[in-house]
Amino acid sequence: MTAPDSTSPRPRTGNDRFLRALRREPVDRTPVWLMRQAGRYLPEYRATRAQAGSFLALAKNPELACEVTLQPLRRFPLDAAILFSDILTVPDAMGLGLYFVEGEGPKFERPLRNAADIDRLAVPDMGSDLRYVMDAVGTIRRELDGSVPLIGFSGSPWTLACYMVEGGGSKDFSKVKALALNDPRAMHKLLDVVTDAVIAYLDAQRVSGAQAMQVFDTWGGVLSPRMYREFSLRYLQRIAAELPRGDGETHAPLILFGKGNDPYLEELATCGAEAVGVDWTVELGEAARRIGGRVAVQGNLDPATLYAEPEAIRREVGHALDSYRDGNGGSREGHIFNLGHGLSPDMQPDHVAALVDAVHELSAR
């Protein structure tokens with residue numbers, strides 16, 4: 001079940017650039033946060049993970065999850081925090097048995113193999129099965145003390161289904177695509193129950209203190225256009241239409257991010273979310289033109305840019321900022337700077353610092 005809405009007013013955020021940009025309001029600088037900004041590229045993260053004993057133990061400990069969420073904010077003047085967790089907490093709570101293999105990533109003990117497996121699925125109880133996530137959100141929000149907004153998140157229904165059917169990561173997604181083609185009814189039943197779970201999960205995060213929410217459609221881009229619209233976009237539209245956001249100052253905007261979502265920007269921009277995140281394979285100015293000011297745009301520096309020297313990073317940041325303005329009629333409004341995907345473990349913290357500083361300096365009014 002979802003916890004009831006708090007009746008006490010939430011404090012205003014000290015740095016609200018991120019939320020203002022999501023509302024396409026004027027900002028003094030373009031806000032920036034980075035996907036996987038809390039992670040293995042930071043030595044303090046590695047130390048905390050060692051203390052926890054494993055990734056899952058870290059993610060399921062609200063105090064330690066709070067600590068690693070805050071670590072990048074102590075190093076860099078980021079404009080938002082994002083909950084430290086994993087997109088696979090939802091299928092884990094649905095009974096699939098999540099575990100991690102060093103060097104191979106996430107695996108499930110009980111992947112879905114047929115319609116009977118899917119029939120047994122149910123939406124987890126947010127107040128018990130995923131209580132540790134909500135406790136982490138509340139703890140992080142308290143420790144942030146209004147300094148910057150907190151982002152909650154979930155994987156998209158299609159992306160979660162990929163892991164649930166494949167049993168882990170995949171190079172060709174053969175099992176999940178075969179299920180969608182051979183038994184579309186079962187596939188839609190799976191996506192329906194996962195969508196119900198995602199909506200309940202994000203809503204519970206919002207009630208617990210998240211001030212914005214992002215859906216990661218990491219694997220939507222592996223689908224053909226017809227299959228994308230049937231098995232991914234359709235469920236993103238449901239989330240955007242049905243997810244409670246709150247009212248007034250407690251309104252929590254929704255960002256839809258997807259790798260390979262370039263062909264569908266116009267459709268994503270009209271589905272009801274407040275922002276669309278794009279990867280680095282589309283020019284930011286082109287994305288802004290096609291979206292046409294209907295929603296905010298998040299992105300989209302190639303993460304590999306962080307392997308370059310600080311001078312090159314600064315130059316590429318400038319190109320991205322200029323591209324957005326060119327595509328948005330010269331306006332800086334409605335842009336949240338981010339990478340086109342997440343930070344990698346072997347990236348250097350001083351290069352991340354160079355990126356964040358360049359965004360703020362080059363976009364300053």
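Reader: Where is Pro 77 found?
Author: Pro 77 sits in the loop between helix H4 (62–75) and strand E1 (81–82). Helices (H or I, at least four residues) and strands (E, at least two) are DSSP runs, numbered from the N terminus. This is a predicted model: local features need pLDDT of at least 70 and side-chain atom pairs count only at pLDDT 80 or more, while totals for chains, interfaces and linings use all residues. Residues are numbered from 1 along each chain as its sequence is written, and side-chain values use heavy atoms, with hydrogens and water left out.
Reader: OK, and what does Pro 77 touch, not counting residues up to four places away in sequence?
Author: Val 356, Asp 357 and His 360. Contact here means heavy atoms within 4.5 Å. Pro 77 and Val 356 are 279 residues apart along the chain, yet their C-alpha atoms are separated by 7.1 Å.
Reader: New topic. Which residues touch the most other members in the largest nonpolar core?
Author: Phe 18, Met 187, Leu 190 and Leu 355, out of 130 residues in that core. H10 gives the most to this core, with 13 residues. A nonpolar core is a set of buried Ala, Val, Leu, Ile, Met, Phe, Trp, Tyr and Cys residues joined through side-chain atoms within 4.5 Å.
Reader: How many residues of H10 are buried?
Author: 19 of its 25, so H10 is mostly covered. Helix H10 covers residues 184–208, and at 1.5 Å a residue it should span 36 Å. The expected span is 1.5 Å times one less than the number of residues. The end C-alpha atoms of H10 are 35 Å apart, which agrees.
Reader: Which residues in H14 does H13 meet?
Author: Ala 320, Ser 323, Tyr 324, Asp 326 and Gly 327 in H14 meet Leu 284, Gly 285, Ala 288 and Arg 289 in H13. Asp 326 is exposed, with a relative accessible area of 61%.

Technical notes
Buried means under 20% relative accessible area, exposed over 50%, partly exposed in between (1.4 Å probe, protein chains only).
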